[in-house]
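Here is a short briefing on one protein model. Please read it with the sequence and coordinates open.

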Amino acid sequence: MKLEELLAKCPKCGNTDKTAKRKFLDEHKAHAELESITCDECGYVFKKND
């Protein structure tokens, strides 16, 4: 996700606060996979790693 996308407002509620949910990899304790980026206010999913 680009910086402009991270700073963009939520299309549902207009909030700019987002949370990145990550899953830490077992074999590399310091590395993680991005699961999703969601809006803190309404829960809109900006990006989901399928």
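Two strands pair if DSSP finds at least two bridges between them. Helices (H or I, at least four residues) and strands (E, at least two) are DSSP runs, numbered from the N terminus. Strand 1 and strand 2 pair in the antiparallel sense over seven bridges.

The model is predicted: local features need pLDDT of at least 70, side-chain atom pairs count only at pLDDT 80 or more, and totals for chains, interfaces and linings use all residues. Residues are numbered from 1 along each chain as its sequence is written, and side-chain values use heavy atoms, with hydrogens and water left out.

- Three strands make an open sheet in the order 1-2-3, and the pairing is antiparallel.
- Strand 1 (18-24) and strand 3 (45-48) are the edges; each has a single partner strand, so one side of each lacks a neighbour in the sheet.
- From one strand to the next, the twist averages 20 degrees. Axes for this are lines fitted to C-alpha atoms (for helices over the stretch in contact), and angles run from 0 to 180 degrees between N-to-C directions.

**Strand pairs**
- A20 has I37 in strand 2 as its bridge partner.
- Strand 2 (residues 32-39) pairs with strand 3 over three bridges, in the antiparallel sense.
- T38 lies opposite V45 of strand 3.

**S36 in strand 2**
- S36 belongs to strand 2. Its relative accessible area is 11%, so S36 is buried.
- The classes are buried under 20% relative accessible area, exposed over 50%, and partly exposed in between (1.4 Å probe, protein chains only).
- Leaving out residues up to four places away in sequence, S36 touches T19, A20, K21, V45, K47 and K48. Contact means heavy atoms within 4.5 Å.

**Helix 1 and the surface**
- L7 sits in helix 1 (residues 3-7). L7 counts as exposed, at 60% relative accessibility.
- E5 is also in helix 1. At 40% relative accessibility, E5 is partly exposed.
- E5 and F46 are 41 residues apart in sequence, yet 8.8 Å apart in space, C-alpha to C-alpha.
- L3, L6 and L7 form a nonpolar surface patch with about 310 Å² of accessible area together.
- Patch residues have over 30% relative accessible area and no salt bridge; like charges are joined within 9 Å, nonpolar side chains (Val, Leu, Ile, Met, Phe, Trp, Tyr) within 5 Å.
- A salt bridge is a side-chain nitrogen of Lys or Arg within 4 Å of a carboxyl oxygen of Asp or Glu.
- Accessible areas come from the Shrake-Rupley method with a 1.4 Å probe; for residues, only the protein chains shown count as cover.
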